[in-house]
Amino acid sequence: MLGLALTLAALAALPAPARGELPRRLSFDPGWRFVLGDSSGAERPGYNDRGWRRLDLPHDWSIEGVPEESAPGGGRFGYFPAGIGWYRKSFRLPAGAKGREVWVEFDGVYMNSDVWLNGVHLGTRPYGYISFRYDLTPHLRAGENVIAVRVDNSRQPNSRWYSGSGIYRHTWLTIVDPLHVAPEGVWISAPTVAPGRAVVEVRTTLSNHGRGGETVVRQVMLDQAGKEVARADTSLVLAAGDIELAQRLSLAAPERWSLDHPYRYRMRTLLLRGGRAVDSVATWFGLRTIAYDADHGFALNGVPVKMRGVNLHHEAGGLGAAVPEQVWESRLLQLKAMGVNAIRTSHNPPAPEFLALCDSLGFLVMAEAFDEWTIGKVPGGYHNYFEEWSERDVTDFVRRDRNHPSIVLWSAGNEIGEQSQPNGAAVLKRLIGKRKAGFVLDGL
């Protein structure tokens with residue numbers, strides 16, 4: 001299939017690590033154990049999980065169950081079971097990880113997840129659609145390590161549609177030098193995009209948890225075929241801590257991203273010390289202009305475009321919430337053949353691979369954050385967590401997805417009841433804060 005072929009070709013074009021060099025990011029999906037139901041003490045590394053089921057992630061335990069009319073989620077949940085489940089994985093770090101920092105990343109866990117490493121509680125995330133990570137470094141041991149995840153989807157109903165249950169999206173292990181690009185730390189924008197020239201600005205957040213010293217931050221811009229088309233080097237002396245660096249690159253005759261020509265570039269961000277790369281991050285992006293006008297509507301690259309859109313939830317019918325990428329690709333290609341050119345992610349952040357397909361196939365996306373704010377639509381919904389978690393969830397949402405050329409609208413909420421109340425504007429202002437991103441509110 002065309003979209004999948006483009007995605008696989010793009011992955012193949014990523015710079016391969018040198019022989020003996022440890023990859024920065026590894027799949028953490030294989031080799032988990034799972035049990036449905038609560039298990040006292042399962043967070044402890046010595047807990048006996050040999051009777052648990054073996055599986056690879058992503059995994060949706062609800063779709064595996066038998067629908068029953070008495071299921072607490074009711075018809076909106078397809079009458080499938082929910083409840084509590086546990087996941088555990090024993091792992092050893094690959095050779096070469098000593099002296100480095102290690103993070104575990106979850107693209108999505110539904111919902112109310114708690115994570116432990118070697119019996120140490122790393123944290124909790126209530127929202128089932130947000131991506132998050134934990135730093136494992138302080139709690140790692142030489143030899144065997146055990147990560148445990150408790151997922152609580154027992155409070156029903158908590159969604160107005162089928163949500164699924166469990167670690168239903170991909171997981172990753174990221175291993176970096178003490179000097180590294182911060183998580184989601186590359187932000188690419190284009191102050192100028194014209195047929196004859198583009199100016200690309202790269203803002204990079206650098207984290208230095210090791211020794212200070214002179215560092216070269218190099219941005220190498222590659223075209224879709226992997227050929228270098230622009231470069232920028234900046235030398236600076238880094239102390240311990242985090243800083244943000246802005247760099248600009250100029251490109252003649254840029255290829256602009258559009259619906260019929262979804263051309264993407266790749267920025268390779270390298271941190272060099274003594275001529276040796278200590279970190280390297282690849283970021284895909286597109287060059288395009290968007291504009292909204294009350295009289296003329298939406299324009300992409302200066303050309304008026306009528307959005308012919310659909311809403312898409314995160315699941316795939318009978319396949320549940322753990323959706324294979326090939327299924328998303330097939331659905332998107334069918335929608336494109338129907339004449340659809342725009343998608344609203346109803347009503348939450350989607351899987352990262354879904355947005356990558358929208359980029360490569362040429363769709364306009366309205367990326368949505370929440371279905372609820374403080375007024376609930378279902379008893380166990382996000383309104384129970386909004387006050388404590390919304391700002392962090394929105395920040396993580398925007399930082400993860402801000403480089404996607406397909407996203408042309410950010411939605412802070414769907415059919416939000418309190419938008420007309422006096423505190424509605426204050427809630428929205430607090431939500432988006434000083435973020436340099438345009439938000440809309442459905443119905444506002």
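Close-up 1. The bond between Gln-156 and Pro-157 is cis, with omega about -10 degrees. A cis peptide bond also leads from Leu-57 to Pro-58, with omega near 0 degrees. Pro-58 belongs to the loop between strand E3 (53-55) and strand E4 (83-91). The model is predicted: local features need pLDDT of at least 70, side-chain atom pairs count only at pLDDT 80 or more, and totals for chains, interfaces and linings use all residues. Residues are numbered from 1 along each chain as its sequence is written, and side-chain values use heavy atoms, with hydrogens and water left out.

**Close-up 2. The open sheet E1-E10-E5-E8.** Four strands make up this open sheet, in the order E1-E10-E5-E8 and with antiparallel pairing; two strands pair if DSSP finds at least two bridges between them. Strand E1 (25-27) and strand E8 (132-135) are the edge strands, each with a single partner strand, so one side of each has no neighbour in the sheet. On average, neighbouring strands of this sheet are turned by 25 degrees against each other, direction ignored; axes are lines fitted to C-alpha atoms, for helices over the stretch in contact, and angles run from 0 to 180 degrees between N-to-C directions. E1 and strand E10 (residues 171-176) run antiparallel and are joined by three bridges. Leu-26 has Leu-173 in E10 as its bridge partner.

Close-up 3. Five of the five residues of strand E6 (residues 113-117) are buried, where buried means under 20% relative accessible area, exposed over 50%, and partly exposed in between (1.4 Å probe, protein chains only). Ser-113, Val-115 and Leu-117 lie on one side of E6, Asp-114 and Trp-116 on the other, and both faces are covered. Strand E7 (residues 120-125) is joined to E6 by five bridges, antiparallel. E6 also pairs with strand E9 (residues 145-153) in the antiparallel sense, again over five bridges. Asp-114 stands opposite Thr-124 in E7 and opposite Arg-150 in E9. The hairpin of E6 and E7 has two residues between the strands, and Asn-118 there takes a positive phi near 50 degrees.

**Close-up 4. Positive phi in two loops.** Ala-253 is not a glycine, yet has a positive phi of about 50 degrees. Ala-253 sits in the loop between strand E15 (241-252) and strand E16 (265-273) and is exposed, with a relative accessible area of 55%. Asn-301, also not a glycine, has a positive phi of about 55 degrees. The loop that holds Asn-301 runs between strand E19 (297-300) and strand E20 (303-304). With a relative accessible area of 15%, Asn-301 is buried.

**Close-up 5. Helix H3 and the residue after it.** Eight of the ten residues of helix H3 (residues 352-361) are buried, among them Phe-354, Leu-357, Cys-358 and Asp-359. Gly-362 follows H3 and has a positive phi, near 90 degrees.

Close-up 6. The structure holds 21 salt bridges; a salt bridge is a side-chain nitrogen of Lys or Arg within 4 Å of a carboxyl oxygen of Asp or Glu. The side chains of Asp-49 and Arg-33 form one (3.7 Å, N to O). Asp-49 is in the loop between strand E2 (32-36) and E3, while Arg-33 is in strand E2, 16 residues apart. Asp-49 is buried at 11% relative accessibility, and Arg-33 is buried at 13%. Arg-53 and Glu-64 also meet in a salt bridge (2.8 Å, N to O). Arg-53 is partly exposed at 39% relative accessibility, as is Glu-64 at 42%. A salt bridge likewise joins the side chains of Arg-133 and Glu-184 (3.2 Å, N to O). Arg-133 lies in strand E8 and Glu-184 in strand E11, so the pair ties together parts that are 51 residues apart in sequence. Arg-25, Glu-105, Arg-133 and Glu-184 are linked in a network of salt bridges.
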